[in-house]
Amino acid sequence: MASFLEQNQDRFLSELLDWLRIPSVSADPKFHADVLKAADYLKARLEEVGVQNVELCQTAGNPIVYGEKITDPALPTVLVYGHYDVQPADPYELWTSPPFEPVIKDGKIYARGACDDKGQVYMHVKAFEVLMQDGELPCNVKFMFEGEEEVGSSNLGIFVKANKEKLKADVILISDTGMIANDVPSIEVGLRGLSYHEVEVTGPNRDLHSGIYGGAVPNPINVLCKMIASLHDENNHITIPEFYNNVAVLTDEQRAELNRVPHSDDEFKQSIGLPDTYGEKGYTTVERIGIRPTLDVNGIWGGYTGEGAKTVIASKAYAKISMRLVPHQTSDEITALFQRHFESIAPSGVTVKVMPHHGGEPVVTPTDSVAYKAAADAMEATFGTRPIPTRGGGSIPIVAMFKSELGLDTVLLGFGLDSDAIHSPNEHFGVFNFLKGIETIPHFFRNYAAAMK
Ligand code: BES
Ligand code: MN
Ligand code: MN
């Protein structure tokens, strides 16, 4: 007989598609009403499946959707976290179907947020429904879904600090990461931190004719490019003094272990159209992403970029620069080092402003815990192979705070793939992955509850 999941999968999918139609973009105030609509939709779906005390917790920003089901206070409690906000969908013209008109093509759900993170959040809502259908929940569950992850989670940080009693739990469960491949399940056990800045270089007090003045004045765009170029040396090592001081050095054995994950540089290059790999000398691609800090320009602008040519020396140039951090760097430390260094390398003819944005701390989650084992056993049961622990390159800033504020470890039970194009045009999520998630999550709850007895 078909399982409850099999019988209901079409409904589960169509509910997700309805949710994906709501453009819950947190970065752009234009979408504020839709962000609230997406929160309401999630609240209603949680109530519908039997989650109790569901509420929208107001913050200085977007509401946090909270709910719980306490079966027995003596049982262990799992706090499920995720986010219902999504990245902006720009540039729209590169989507093959509109980002907020979800379609299922070749077994994949195409929409902004399909994988990051609405699709993965919705797996938890439906896994809960499946569990309730099967009878009693094996443990207590709390749900906390925020609407500001993609803009730095600063209000969630305040909420967590102020609601420690409410959020009391034994472990955090998050599906907001990826795995190696559908036939190579894996569990991320590390996230990088983040230090993010906007910089401004000012030269002359107005835009100038590049013939009348050119050659005798600093061009802020030229200067900014030179400054940025100097942040890496010929080995792609970051040149900011003391930047690497606190970077955890892995033993040869740990590095060998890390590099045992199935990875092919050829496939890596091919999947993103690169003629060659690139990065810090002396490290493999897996290490460059998983255990090494980085510095990247995310955007750079200034001067004339319209049609045709305009001969001009701009007064100002700008860039957004981010650094991914690894243990035991802290975002405060790196922010201070970056600011000091960037100002110090400015030539005397310009002024430089560094404006720090949000940050986040790196984390490594344990692999020897009851919860990790419960997750690995759950994946092994549904995929038929034991998942491999991997160190992910992305960031989820709140995870470090769950540890520092609530004393809780996190399990990153993610079902996305690197090829899902999160944050890019044509983001998608496999129907296989969505259903596998719904199938796997109940195993986690049962394994975890049984092991905690
Ligand atoms: N879900 C991602 C993070 C992620 C993706 C981790 C894939 C591991 C694998 C999250 O929504 C995200 O995009 N985080 C931001 C940080 C935030 C402060 C904007 C990031 O990593 O850039
Ligand atoms: Mn995410
Ligand atoms: Mn994201």
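Start with the overall layout: the C-alpha centres of domain 1 and domain 2 sit 35 Å apart. The domain assignment of the protein chain puts 2-191 + 362-451 in domain 1 and 193-247 + 293-360 in domain 2, with bounds taken from an automatic or database domain assignment. Keep in mind that this is a predicted model, where local features need pLDDT of at least 70, side-chain atom pairs count only at pLDDT 80 or more, and totals for chains, interfaces and linings use all residues. Residues are numbered from 1 along each chain as its sequence is written, chains are lettered from A and ligands numbered from 1 in the order in which they are written, and side-chain values use heavy atoms, with hydrogens and water left out.

Now for the place where the domains meet. Here 10 residues of domain 1 are in contact with 10 residues of domain 2 (heavy atoms within 4.5 Å). Together the two domains bury about 640 Å², with 61% of it on carbon and sulfur atoms; buried area is the accessible area (1.4 Å probe) that two parts lose on being put together, summed over both. On the domain 1 side, Pro362, Ser395 and Pro397 lose the most area to domain 2, together 61% of what that side buries.

What about polar links? The count between the domains is 1 residue pair in polar contact, both at pLDDT 80 or more. A polar contact is a pair of N or O atoms within 3.5 Å; within protein, one must be able to donate a hydrogen and the other to accept it, and residues adjacent in sequence count only if both atoms are side-chain atoms.

On to ligand 1. Why does ligand 1 lie between the domains? Domain 1 and domain 2 both give residues to the shell around ligand 1, so the ligand lies between them. That shell holds 16 residues, and the closest are Glu149, Asp176, Arg324, Ser395 and His423 (near means a heavy atom within 4 Å).

Polar side-chain atoms reach the ligand too: arginine 324 has one 2.7 Å from an oxygen atom of ligand 1, and aspartate 176 has one 2.8 Å from a nitrogen atom.
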